[in-house]
Amino acid sequence: MTAALRADVAIVGAGITGLATAERLTAHGAEVIVIDDSATDAATLVSGGLIRAFDPAGAYAAWPVESCVRYLARGPHGSWPAVRRHGSLTLIDEGDLGRAAPRIEAVRSAGLPVDVLDADDIVKRHPQLTVPGHVVGVLEPQAGWLPAAETLQALHRDAGPGLRLLRARALGLTHSSSRVQGVRTSGADVHADAVLLAAGVGSTPLAASAGVHLPLRTRAVSYCLFRVEDTTGLPTMVDHTTGAWLRRWDTDRTVLAGVPSTRTDVPARTRDGVDPAEAERVRAVVAQRFPQLAGAAVVGGVTAYDAMVPAGGPGSVTSRPRPRGLVTAAGWNGGGFKIAPAVGRQAADHLLEALQR
């Protein structure tokens, strides 16, 4: 039988949320074990990695701003990969501009440049795009995207020797009637005074093992690679009027594009490739704003999933009253990457507080 391990905090999930939290915890001197049955979390690995400070619809207006500042600074030690500063253009209906104004001002207050463009201005700056007159754009010139795998590796490095990665499957939580005591795994059991569940939909059964209801479900996601004529000057685009998004790929004349799906309760798995019908659905929506996609060849893609709360609302970082010491962080509806540094800081604060009780 494998000897049990001991840490101050056990984190289930080696994705962007788990590792961002681990980095903050070790910066405060905590010993952390991250439990995952693969080297990294599959959902994070296939993330588009979009980075921007402005989010007109998210529940946490300050978190993307805080996170964007940290991403642009390349983390606390300047060691994270550099943001691909292709610019981020967020499209919204002009009728929503008034409600979005405080969030735009929050971006400016953080010292980040941002411009509000009408439809004509957008097309003048980015002639590859087609935008109807009722759409306005919020342009962040310093934003863009990050490679997900490199970002995970940088977070792991920054956490230093205070982080140990246990490649095992979490089976359930150990706890007394009032306090969490650790995690049972398929390898060594982990004894810890605080536990973070950051394993997407895998967090639900683990929370249930301690009597905590954490409702999450999956939603289908497909990202497609298209070979296009020209990507010169093309910004990362997130279109809240159609749900489309796209960004440049590392290869010239290739873009990565996606559109949210309405299919839910799909298997929590990822695979290379996209079904032809799904690729055509993505093409039809994104081509409304980026017409080059209409005749572009599909050259790759991935079929994956998001973890979301059942009603489609926001995820949360929650310190559970019973068992004490349990914190959950999940349900970001596919938007977790851009807010991960802020989520990690918030989760670490909860866990450090739990260690002192």
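1. The axes of helix α3 (residues 62–72) and helix α9 (residues 336–355) come within 7 Å and cross at roughly 100°. The two helices, α3 and α9, are therefore roughly perpendicular to each other (a term for angles of 65 to 115 degrees). Axes are lines fitted to C-alpha atoms, for helices over the stretch in contact, with angles from 0 to 180 degrees between N-to-C directions. Helices (H or I, at least four residues) and strands (E, at least two) are DSSP runs, numbered from the N terminus.

2. This is a predicted model, in which local features need pLDDT of at least 70 and side-chain atom pairs count only at pLDDT 80 or more, while totals for chains, interfaces and linings use all residues. Residues are numbered from 1 along each chain as its sequence is written, and side-chain values use heavy atoms, with hydrogens and water left out.

3. In the contact of α3 with α9 (heavy atoms within 4.5 Å), the residues of α3 include Trp63, Arg70 and Tyr71, and those of α9 include Phe337, Ile339 and Arg345. By class, this contact of α3 with α9 has 9 nonpolar, 2 polar and 4 charged residues. Here Ala, Val, Leu, Ile, Met, Phe, Trp, Tyr, Cys and Pro count as nonpolar, Asp, Glu, Lys and Arg as charged, and the others, Gly among them, as polar.

4. An open sheet of 9 strands runs in the order β5-β6-β4-β13-β14-β15-β12-β17-β16, with mixed pairing (pairing requires at least two DSSP bridges between two strands). At the edges stand β5 (115–117) and β16 (271–272), each with a single partner strand, so one side of each is left without a neighbour in the sheet. Helix α8 (residues 276–286) packs on the sheet, touching β12 (217–227), β14 (245–248), β15 (254–258) and β17 (297–308). The direction of α8 makes about 75° with that of β12.

5. Strands β4 (residues 88–93) and β13 (residues 236–239) pair in the parallel sense over 4 bridges. Ser88 stands opposite Thr236 in β13.

6. The second largest pocket has a volume of about 290 Å³. On a 1 Å grid over the protein atoms alone, a pocket is an open set of points with protein on both sides within 12 Å along at least five of seven lines, and lining residues have an atom within 4 Å of a point. A volume is the space filled by probe spheres set on the points, which are joined across faces, edges and corners; the probe is 1.4 Å. Of the 19 lining residues, Leu45, Ser47, Arg247, Trp249 and Leu256 lie nearest the centre of this pocket. Helix α6 gives the most to its lining, with 3 residues.

Definitions and conventions
Parallel < 35°, antiparallel > 145°, perpendicular 65-115°, else oblique.
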